[in-house]
Amino acid sequence: MTTIRDASSAPAAAAAASATTEPRPGVRCRRVGPADIDALGLLLTQGFPARSLVDWRRSLTQLRAWTEAERLPGLGFVLADGDALVGCLLTLYGAGGTRCNMSSWYVEEGYRRFGTMLVSAALRDRSITYVNISSERHTRPIIEAQGFRRYTEGVMLAAPLASLAGLGRATISAGRPGADVTVDPAEAALMEHHAALGCITFWCVADGRAYPFVVARRLIKGRLPIAQIVYCAEALDWRRLSHAVGRALARHGLFLLLLDAQGAVPGLPGRFLAGRMPKYARGPVTPRCGDLAYTEAAVIGT
């Protein structure tokens, strides 16, 4: 989620210590502080009016609670002219602080020449992998010039309920499966965190293993509901699970699914849309398709 109109998320602790610069008297780039939440909500509403002030403040409150509980670096950076906030860039860190989703970049008109300062401040720690998952087309050359590289080739638009290949092979559990089923504790914690954020979560159980699914509800063109995969297991055979996933989504009135992919996904009936909704990353670890956990897809919505 990036807007620069008319011009246009331990290792990270080092970045916090050196994040303040002053391009001219009265204007500075600094980290978001606790007292900035109300003003930051107003600024984000101005930059991204599709979301209400109430929605922005709720997201900021959730983000602040997460970062404080996990002792992560913080919510992001702001440009301040005196006491007024004139620009912002949110930083959404995943568990452990090794991946950061840079989100909601906005600078008021008249200050846009200072917009890159926000990015420079956020990118200082080379041990962190930074991701941008919702770039606007006109900003992609800027993102690539900053060292980001595309790591997805497109998205699958699928109708999993239409798959009959895995019919009857898997069951769905809304809560954590029983002790006779293998569950990854880290994935169980991830599921709990994202359920608290308002995501749809469920387990797909097959052959004694529980596969986690975290889904965000989206609207296409403001009216067609669709399920966006925020997280699913890496070792996943859609030929066995897609029909069960389709049943789980249908309970929520969702029949179409959107999944980042490198090409057509075997066992997932639908269409691969090459080049659509590209994801970008910069850093030591290239993210994988199917993992948007703790990004704006879950915390804010794209």
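A residue is called buried under 20% relative accessible area, exposed over 50% and partly exposed in between, with a 1.4 Å probe and protein chains only. The model on view is predicted, so to speak of local features requires pLDDT of at least 70, side-chain atom pairs count only at pLDDT 80 or more, and totals for chains, interfaces and linings use all residues. Residues are numbered from 1 along each chain as its sequence is written, and side-chain values use heavy atoms, with hydrogens and water left out.

**First stop: Pro 141**

Select Pro 141, which is exposed, at a relative accessible area of 53%. Pro 141 belongs to helix α5 (residues 140-145); helices (H or I, at least four residues) and strands (E, at least two) are DSSP runs, numbered from the N terminus.

**Second stop: an aromatic cluster**

Next, select Phe 48, Trp 56 and Tyr 106, which ring pairs link into a cluster. Rings of Phe, Tyr and Trp (its six-membered ring) pair if their centres lie within 6.5 Å; planes under 30 degrees apart are stacked, over 60 edge-to-face, and the rest tilted. The structure has five aromatic pairs. In one of them, the centres of Phe 48 and Trp 56 are 5.9 Å apart and the planes stand at 45 degrees, so this pair is tilted. Phe 48 and Tyr 106 make an edge-to-face pair, with 6.4 Å between centres and 65 degrees between planes. Because Phe 48 lies in the loop between α2 (37-47) and α3 (53-70) and Tyr 106 in strand β5 (residues 99-107), the pair ties together parts 58 residues apart in sequence. Both Phe 48 and Tyr 106 are buried, and Trp 56 is buried at 0%.

Now select residues 238-250, the 13 residues of helix α7. Ten of the 13 residues are buried, among them Trp 238, Leu 241 and Val 245. Elements that cover these buried residues by contact (heavy atoms within 4.5 Å) include β10 (200-206) and β12 (224-232).

Cys 232 is buried, at 5%, whereas Cys 289 is partly exposed, at 23%.

Note on methods
Expected span 1.5 Å × (residues − 1).
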